[in-house]
Every structure is written in C-alpha cells, then in structure tokens.
Amino acid sequence: MIRLVISNQRGGVSKTTTATTLAREFADRNKRVLVVDTDPQGSVSSVLSLKPEYGLYNFVIEKLRLDDCIVPVSKNLHVLCSSRETTKVETILMGNVAREHAFTQLFSMVDKNYDVVLIDVSPSITLLQTCAMVYAEQVLIPIGMDTLSFQGAMASIEASRSLNQLLRANIRTVGLLPVMVDRRLAMTTTVLEGLEGLSVGMNIPLLHAIRTDQNVTKAARAGQFLIDYDPKCKAVEDYHQVADELQFLFKEEVHGRTANT
C-alpha cells in the first residue's frame, strides 16, 4: 500500500497539483485511491470543482463514516475534502491524549479499502501535518526552482527527523520532486545541482522533474484533472514517469522488508 504526505514548508510548489495528478494517475492504473485534504483553504476541492456536503471535520471530530464524508470522483478515486471547519479539527485535537496519532487511529480502520492514500497538507508544520506524517510514514517533497522552496524542503526533512526522535516514529522522505522546471533559467540549474547534492548526501531519491507547463494553471481554473484538460501535455508525461518511479520504490521497499523477515 502506498501512503504519501505531499509536503513542503513553502507554498506555491504544486503540492495540490502533485496530489491530484498522481491520484488520477494511480486510479487510471486500476488502484483504489483516497486523497485527503488537510488544508483549511480546501485546495483540492477548489482545483477539482468539488462541492462536498461533509469532509475532514465530520470524519475526524463528528466520527461520521468515511463513506459518508468522501466525494467519489470516479470508481477508483475518492476525495476527503477540507474546509474552514478544518481549523476546528486542530483546536479540538490539541486537547486529546496522543493527539499526534489521531489519523493513525482513524484511517487505519478504513484504509484497507484503498491501495493508495495521498495527503495534501498546508505549507506549515501544524498538528494536522504531524498527524498525517505519523500515519503515512512516507513524505514526498515537491520543490520549485527557487531557494525558498529548497529551504522549505529542508524544513520538511528536518520536521520528519524531529518527529522520529520525539515520537519514536518511522517517517522517511521517499523522494524529492523538482517541479516547475525550466532548464533555460540559471536558477533552475543551481537548484537542481543543490537537489542532486541533497539526494546523494541524505540518500533520498531524486525523482523525474516536472517541466513548467501553462496547462497546469489552465486545468486548475477549469476545475479539471490535468490529464482531462490536456492528456498530451508535458506535465502529464512527467507525472506518469514519477508514478512509475514511486511504484518501483514502494515495490523495492516491500521486497526489502520481506527479505529481512
């Protein structure tokens, strides 16, 4: 099973685009996919033009059934949306014992119905992001071609380390994903070189780069998946390769665990 938190402590680095595009990619491969939006801005529902009756708040706090809270986008793809009420989730969970394990307790009872769970988080370390990371244990970091985005990636890696120490968790970064890549720009070369060094130094896979593509913004404005808006665009091709890489990485991890048991 693939569980991934899409995280970077910097906004505007295609986290939601990455979550929704990979979700659709895996769903088209006949995998059952759940997308969880933990950002109070409700980016996923906005990008996909979803109008949920219930969402994350109702599932986590009111304990409604997951099936009643999700929006079925297709046969294989479900979305648990977020809204302004999500801010209340964090406030209420703050008073709970073992609050960092809230998602583990809740989603572990229902995720057996899915092959892939992708969690989109806000660009800051919050309790909900902590809950997501403790539950998923796997983090994918999209990184834009600027120094602040690179610094945000480093902050995400450090957050995982800190949680592992404080909570005895087992969170790891499964990949660094360069996004909005325009190789004509000098800054792109600088950031990619930095990512290559980071990848080697910390033994984190550097995934296939996502090229700059105006269709990403156009698809979001149209409320469509990128592949529906333009199935032949550059970004779709790139995300297809990233999905291949992620599947390979998770298969390798499973084989490794099997060999060690």
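**Exercise 1. Find which residues of helix 9 are buried, and work out how they are arranged around the axis.**

*Solution.* In helix 9, the residues T188, V191, L192, L195, L198 and S199 are buried, where buried means under 20% relative accessible area, exposed over 50%, and partly exposed in between, with a 1.4 Å probe and protein chains only. They cover an arc of only 120° around the axis, which puts them on the same side of helix 9; the arc is that of the directions from the helix axis to the C-beta atoms. Helices (H or I, at least four residues) and strands (E, at least two) are DSSP runs, numbered from the N terminus. As background, an α-helix has 3.6 residues a turn, so residues three or four places apart point the same way.

The model is predicted, so local features need pLDDT of at least 70 and side-chain atom pairs count only at pLDDT 80 or more, whereas totals for chains, interfaces and linings use all residues. Residues are numbered from 1 along each chain as its sequence is written, and side-chain values use heavy atoms, with hydrogens and water left out.

**Exercise 2. Describe what lies on either side of helix 9, and check its length.**

*Solution.* The buried residues of helix 9 pack against strand 6 (138–143), helix 8 and strand 7 (172–178), contact meaning heavy atoms within 4.5 Å. On the face turned away from this buried side, helix 9 carries the exposed residues A186, E193, V200 and G201. For the length, the 17 residues of helix 9 should span 24 Å at 1.5 Å a residue, and the end C-alpha atoms are 25 Å apart, which agrees; the expected span is 1.5 Å times one less than the number of residues. Helix 9 is followed by N203, whose phi is positive, near 55°.

**Exercise 3. Compare where the partners of two salt bridges sit in the chain.**

*Solution.* The structure holds twelve salt bridges, each a side-chain nitrogen of Lys or Arg within 4 Å of a carboxyl oxygen of Asp or Glu. One of them joins the side chains of D111 and R3, at 2.8 Å from N to O. This pair links distant parts of the chain, 108 residues apart, with D111 in the loop between helix 6 (102–107) and strand 5 (116–120) and R3 in strand 1 (residues 2–6). D111 is buried at 6% relative accessible area, while R3 is partly exposed at 24%.

Another salt bridge joins E158 and R161, at 3.9 Å from N to O. These two residues are three apart in helix 8 (residues 147–167), and therefore separated by about one helical turn.
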